[in-house]
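We will go stop by stop.

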Amino acid sequence: FGFKGCQKIRGPQIRGLLEAKDFFLFDCDGVIWHGENAISGAATVVNSLIRHGKNVVFVTNNCTRPRENYVHKFSRLGFTDVMLEQIFSSSYCSALYLRDVVKVRGQVFVMGCEALRGELLEAGIPCVEEADDPDATIYNCSLAPDVKAVLVGHDDKLTFLKLAKASCYLRDPECLFLATDNDPWHPLSGGRILPGSGSLTAALEVASGRKATVIGKPSRFMFECISSQFRGVDPAQCLMVGDRLETDMLFGSNCGLDTMLTLTGVSQMEEAQEYRNSDLTTNHSFVPDYVVDTIADFLPAFEE
Ligand code: PLP
Ligand code: CA
């Protein structure tokens, strides 16, 4: 006792919070859906928030889909009113970073999925074309002369050659080193996990002796993207809802937002309490202000 945060809220407290806030940021996997299955009640919650005139955006570290793909997925899963402008993925934000912040001149070497390259190309950023030569090795391949950034993301077609080429480009201190996100792993069904972008970033950090700049959560940049596209966003009016303490809650803390942990995903109440009770004050940035079992707990707040 005596510690702030991890407040489990229900009924009237949730209603009060939803009335007090006007801008809701939702993480996707673990909050809105598990893979291809919507979390029960999530669609009704999101539809109701939008219908009540609240601003709703989605902040996902998943860089493997173009934004249009999310629009279709939301619609398929019963989220009726979600538009492209509400979707902030780490791939889209990486493209904005390269285009608007560093204004990259030259090509970008992408170690990631096709969708990540697609987001960059759509933003007008040239990417190194990967030749499909089965005989190419790091000894005989050619390296592009004008690579000004290496961008790492989730890559389900990772090869040793890609890792080796990325390491070579990073020898040039003028070549930027970016990562879509630093997520270590993601839960799959049946007790399996998917190694995340962070595991590939770590490999490249070791090979290059450099540290990547992370674009996705918990970096503030995603919130800057949101602020620049929704005028007058006031952090005090925002609620960040997520399932992972080390990305979502830290992101909220970094941006000055109130945070809510849902227990339908990666992190559990005990981990949140451990961070809260820690003597290390930096650990307190991982502590959610509020905790709910699921965002379906919002539903009674919309009943008359
Ligand atoms: N990256 C990949 C490749 C994923 O598969 C997932 C979740 O499934 C994520 C990131 C995390 O997404 P989110 O930030 O929406 O939880
Ligand atoms: Ca998540």
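Predicted model: local features only at pLDDT ≥ 70, side-chain atom pairs only at ≥ 80, totals over all residues.

Residues are numbered from 1 along each chain as its sequence is written, and side-chain values use heavy atoms, without hydrogens and water.

**Calcium ion (ligand 2).** Select Asp27, Asp29 and Asp243, whose donor atoms lie 2.3 to 2.8 Å from the ion. Donors are N, O and S atoms within 2.8 Å of the metal (3.2 Å for Na, K and Ca); water is not among the atoms, so sites may look incomplete. Asp29 sits in the loop between strands E2 and E3 and Asp243 in the loop between strand E13 and helix H9, so the pair ties together parts 214 residues apart in sequence. Asp243 is buried at 4% relative accessible area, while Asp29 is partly exposed at 32%. Buried means under 20%, exposed over 50%, partly exposed in between (1.4 Å probe, protein chains only).

**Salt bridges.** Here a side-chain nitrogen of Lys or Arg is within 4 Å of a carboxyl oxygen of Asp or Glu. Select Asp293 and Lys8: their closest N and O atoms are 3.0 Å apart. This pair links distant parts of the chain, 285 residues apart. Next, select Lys162 and Asp155, bridged at 2.8 Å. Lys162 is buried at 12%, and Asp155 is buried at 7%.

**Negative patch.** Finish with Glu246, Glu270, Glu271 and Glu274 on the surface. Patch residues have over 30% relative accessible area and no salt bridge, with like charges joined within 9 Å. Helix H10 (residues 269-277) supplies the largest share, 3 residues.

Methods: Chains lettered and ligands numbered in written order. Patch = residues over 30% accessible without salt bridge, like charges linked within 9 Å, V, L, I, M, F, W, Y side chains within 5 Å. Areas by Shrake-Rupley, 256 points an atom, 1.4 Å probe, with all protein chains shown as cover. Lys, Arg positive; Asp, Glu negative; His and termini not counted. Charge placed at Lys NZ, Arg CZ, Asp CG, Glu CD. Helix = DSSP H or I, 4+ residues; strand = E, 2+ residues; numbered from the N terminus.
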